[in-house]
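Welcome! Let's get to know this chain together, one question at a time.

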Amino acid sequence: MTVKKLWQEDVYTKEWDAVITEVSTVDNGNLKIYLDQTAFFPEGGGQSCDLGFMNDMKVIDVQEDGKEVVHTVSPEGAKLPKAGDKVHCTLDWDHRFDNMQRHCGEHILSGICYDLFGGVNRGFHMGHDAMTIDISLEEDPKITELTYDMVMEAELAANRVIWSNAPVTVMRFETRKGTENLPLRKALAFDEDISIVCVGSPENAADCVACCGTHPATAGQVGLIKIFRVEKNKGMFRIFFEAGERALEAVRTRHDILYKLSMRYSSTIEDFPVKLKAAEDKQNATKAKLVHVTNALIAKESAELDAKAEESAENVIVHKLEVLSMDDAFNMAKPYMGKTKKLLMLYSIVDTSFILVSSGKPACGKLVKEYASFYNGKGGGNDVSARAIFTNEEDAMLFADLISKHLK
Ligand SMILES: [Zn+2]
């Protein structure tokens, strides 16, 4: 006996009674159950399977098995059923309706892409965050790319189909006979047991294609289609989009981000780009000023360092920099590299790090390699300059003392 597929008779069947025709236990204690009739739609065509309950047992997977449908069920302490038992089945309707909205949304958008651009849907994925369709521009030689503006045009046209509340009809054919005159967007892949889905009347269909999935009775139930972006992918164009309640959720999430961002700039969403540009201009001006001030500070510190080196009898000069960073210290050290007669140790307080500079004797890199690790420091460099990085100022100063004593 072949299972009766209740979704083919009434896609809105949410509860039904069935008789178990076969049951077996699988390794992990779950059961494989076959029924005389089911509305649990099996996984297929990029769509996840239906979920729900059989009596108190959770239905966790549904797959096609030839002409039958096999349900994987978690018994979780329930009385184990046997063939011939009657069970009451309930569908997780939210999950199914989500699938129906998304799947039908894909139909409508694919139909529109075909209509507007001669684009054929060659790949479909129902992801967690978005759905994608891969559109191959193969029907109209004049159209060679899909731009953002073009997919926005498709989005509007797809939503207009939804707002027209066009009927979604499923026609079943034993053979190809009778399908010849339908405006199919894709050639048939089967010769028998063919289901054709039409959004709108076949004479003026928004989409018409072979499909055995689950669809709402009217396009209006899809609610909304929102396209996020389009990108080139393996010679085709991948459209990222969402349909149904998920489309609303996606628009809300994005609106929420924009709303909160604009609030941070004391702006409305509409004025946000102007406010953001003004903030960027201000930031750029501040950056330019900072470069100017930093250069002046480097010149001042360099003059002090020159004076110290001139006056000091020591071989090692330690010079602390209060505001300047390690990178600033490096720029400041450049003119001394290979030229100074002493070992200069420029210390950046903010980065707890040294830049060492010398004529090459002593070799800066070697000093860091040999002594920095005594005080949990690390770094390295070449003969005329090196960096030594410490976790705190105390360790850094102990390192400087050690070098000073060593080179006395
Ligand atoms: Zn379909």
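Q: Which residues of helix H7 (residues 364-371) are buried?
A: Before we start, this is a predicted model, in which local features need pLDDT of at least 70, side-chain atom pairs count only at pLDDT 80 or more, and totals for chains, interfaces and linings use all residues. Residues are numbered from 1 along each chain as its sequence is written. Helices (H or I, at least four residues) and strands (E, at least two) are DSSP runs numbered from the N terminus, and a residue is buried if 20 or more other C-beta atoms lie within 10 Å of its own, exposed if 12 or fewer, and partly exposed in between, with C-beta atoms placed from the backbone. In H7, the buried residues are Cys364, Leu367 and Val368.

Q: Within what arc do the buried residues of H7 fall, seen down its axis?
A: An α-helix has 3.6 residues a turn, so residues three or four places apart point the same way. The arc is that of the directions from the helix axis to the C-beta atoms. The buried residues of H7 line one face of the helix, because they fall within an arc of 95°.

Q: Is Ser358 buried or exposed?
A: Ser358 sits in the loop between E18 and H7. It touches Thr340, Leu343, Cys364 and Val384, not counting residues up to four places away in sequence. With 26 other C-beta atoms within 10 Å, Ser358 is buried.

Q: Which residues does a cis peptide bond join?
A: Most peptide bonds are trans. The loop between E18 and H7 holds Pro362. With omega about 0°, the cis bond joins Lys361 and Pro362.

Q: What is the phi of Asn165?
A: Asn165 lies in the loop between helix H3 (148-163) and strand E11 (168-175), and with 12 other C-beta atoms within 10 Å it is exposed. Most residues other than glycine have a negative phi. Asn165 is not a glycine, yet its phi is positive, at about 55°.

Q: What is the radius of gyration of the chain?
A: The chain has eight helices and 20 strands. The radius of gyration is taken over C-alpha atoms, and the globule rule is 2.2 Å times the number of residues to the power 0.38. For 408 residues that rule gives 22 Å, so the chain is more spread out than a compact globule, with a radius of gyration of 36 Å.

Conventions. Two residues are in contact if their C-beta atoms, placed from the backbone, lie within 7 Å.
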